[in-house]
Amino acid sequence: MVHNTRSMGFDTFLGNPQAVSIVRDMLAGGRVPGALLLAGPDGLGKKTLALMLAKALNCERLRDDFCGECRHCRKADGMLTATREDLDRRRQMKDSARRTEGLVYFDLQLVEPITRYILVEQVRQLRNIAYTRPFELRRRVLVVDQAQAVHWQAVDLLLKVLEEPPDTTTLILVCPNSFELRSTIRSRCSQIQFVPVEDAVIASLLEKEGRVNASRRALAVRAVAGSVAKAKTFDPAEFERRRKPWIDFLEVVGRAGKPADVDWRVLFDSTKALAEDRENFEDTLSMGYSLLRDLVYVVESNDDARVTNVDLLPRFKAWAPRLGLAGLEKLKDGLDGAYQSQIRNANQQLGLEALAIDLLAR
Ligand SMILES: [Zn+2]
């Protein structure tokens with residue numbers, strides 16, 4: 001065995017140590033239930049842990065872990081790669097009727113939404129193979145990611161499998177919020193709850209990834225809000241790019257005194273920049289909401305500890321008196337309006353300018 005050189009195993013899992021130890025205890029005691037539910041916000045590694053468990057259930061060398069090197073571990077990796085390629089291929093199909101044609105499930109299978117939903121045909125296939133013996137591995141493991149997206153017409157089918165647990169198969173459901181599942185489904189699974197990862201773990205991950213320099217790390221830790229996935233992909237330049245026009249916008253509406261003091265040029269440039277990226281307008285808006293939330297903390301409770309954009313605290317405090325709670329209320333209505341109107345393809349720049357004028361007129 002080459003324990004010391006492997007970079008596999010549960011030790012590589014970041015955050016949520018309580019979830020990892022529950023899983024390892026189950027494995028060590030040979031008490032992994034037939035149906036598990038991993039729940040908690042996106043980006044915490046629920047699916048990753050589910051797949052690790054699937055490998056550990058099959059590893060030829062280790063009992064409460066997986067080696068990544070034995071025949072079963074390598075087979076499991078191959079199955080996962082093939083599954084992912086198959087899902088991608090199906091998602092790209094133009095002809096929706098063909099998306100579920102010829103579904104073949106491996107002993108280790110990831111079941112994910114192909115459209116907005118996990119389709120009836122996918123769950124039917126799950127049920128068909130759940131009661132059969134695995135071909136190549138010791139145990140079948142079916143991981144249903146985004147289980148809340150199982151099509152309503154397929155929920156009963158899934159429930160039937162949970163009600164008559166197959167003895168050859170472990171079923172692992174993964175979802176952000178267990179209350180989005182029907183209670184009959186929820187109650188048949190042993191639930192493992194994931195929580196946002198501690199700031200210290202995120203900070204050291206950001207340091208290791210090396211994309212965020214030390215002066216920006218506190219901000220990045222707050223911005224990714226305990227999500228390992230977000231920490232791994234956090235792009236400080238992109239973050240600044242998205243935030244800059246909001247800062248300009250708020251600088252104008254948050255500081256202006258007399259109409260003559262208003263820097264209309266900066267204001268119009270900012271609304272133009274905000275409205276420009278139509279494709280990602282939702283991201284732009286969520287940045288706006290994040291700044292609004294921070295301002296509410298500062299204005300309402302002077303609660304700096306909850307502020308995400310920590311580097312902007314002096315500015316928040318400068319804008320707070322001018323905006324006040326009434327101004328923030330207006331800002332929120334403006335963001336809500338922009339959120340709703342993006343569906344109607346409205347002119348967002350005009351909307352934001354109207355909002356600015358409204359705020360300045362107070
Ligand atoms: Zn192994």
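User: Which hand does the crossing of α1 and α2 have?
Analyst: The crossing of α1 and α2 is right-handed. A crossing is right-handed if the near helix is turned clockwise from the far one by less than a right angle, and left-handed if anticlockwise. This is a predicted model, where local features need pLDDT of at least 70, side-chain atom pairs count only at pLDDT 80 or more, and totals for chains, interfaces and linings use all residues. Residues are numbered from 1 along each chain as its sequence is written, and side-chain values use heavy atoms, with hydrogens and water left out.

User: What is the angle between α1 and α2, and how far apart are their axes?
Analyst: Helix α1 (residues 17-28) and helix α2 (residues 46-56) pack at an angle of about 20°, and their axes are 11 Å apart. That makes α1 roughly parallel to α2. Angles under 35 degrees count as roughly parallel, over 145 as roughly antiparallel, 65 to 115 as roughly perpendicular and the rest as oblique. Axes are lines fitted to C-alpha atoms, for helices over the stretch in contact, and angles run from 0 to 180 degrees between N-to-C directions. Helices (H or I, at least four residues) and strands (E, at least two) are DSSP runs, numbered from the N terminus.

User: Which residues make the contact?
Analyst: Ala19, Val20, Val23 and Leu27 of α1 meet Leu49, Leu53 and Ala56 of α2. Contact means heavy atoms within 4.5 Å. The residues of this α1 contact with α2 are 7 nonpolar, no polar and no charged. Here Ala, Val, Leu, Ile, Met, Phe, Trp, Tyr, Cys and Pro count as nonpolar, Asp, Glu, Lys and Arg as charged, and the others, Gly among them, as polar.

User: How many residues of α2 are buried?
Analyst: In α2, 9 of its 11 residues are buried, so the helix is mostly covered. Buried means under 20% relative accessible area, exposed over 50%, partly exposed in between (1.4 Å probe, protein chains only). The buried residues of α2 include Lys46 and Lys55. What the buried residues of α2 pack against is α1, β1 (35-39), α3 (71-91), β2 (108-111), β3 (140-145) and β4 (169-175).

User: Other end of the chain. How do α11 and α14 cross?
Analyst: The axes of helix α11 (residues 264-276) and α14 cross at roughly 140° and come within 8 Å. That makes α11 oblique to α14. The crossing of α11 and α14 is right-handed.

User: What makes up that contact?
Analyst: From α11 there are Trp264, Leu267, Phe268, Thr271, Lys272, Leu274 and Ala275, and from α14 Gln348, Gln349, Leu352, Glu353, Ala356, Ile357 and Leu360. The residues of the contact of α11 with α14 divide into 9 nonpolar, 3 polar and 2 charged.

User: Is Gln348 buried or exposed?
Analyst: Gln348 is buried, with a relative accessible area of 7%. Gln348 is in helix α14 (residues 348-360). Not counting residues up to four places away in sequence, Gln348 touches Ala275, Phe281, Ala338, Ser341 and Gln342.

User: And Gln125, buried or exposed?
Analyst: Gln125 is buried as well, at 16% relative accessible area. Gln125 sits in helix α4 (residues 120-130) and touches Leu103, Val104 and Tyr105, not counting residues up to four places away in sequence.

User: Cores next. How many residues has the largest nonpolar core?
Analyst: The largest nonpolar core has 84 residues, and those with the most contacts inside it are Phe10, Leu49, Leu108, Ile172, Phe249 and Phe316. A nonpolar core is a set of buried Ala, Val, Leu, Ile, Met, Phe, Trp, Tyr and Cys residues joined through side-chain atoms within 4.5 Å. The largest share of this core, 9 residues, comes from helix α13 (residues 313-341). A second, separate core of 28 residues includes Ile118, Ala147, Leu173 and Leu181.

User: What does Phe316 touch?
Analyst: Phe316 touches Leu291, Asp294, Leu295, Val298, Val307 and Asn309, not counting residues up to four places away in sequence.

User: Backbone now. What is phi of Gln146?
Analyst: Phi of Gln146 is near 55°, a positive value in a residue other than glycine. Gln146 lies in the loop between β3 and α5 (155-163) and is partly exposed, with a relative accessible area of 22%. Ala225 also has a positive phi, about 50°, although it is not a glycine. Ala225 is in the loop between α8 (214-224) and α9 (228-233) and counts as exposed at 53% relative accessibility.
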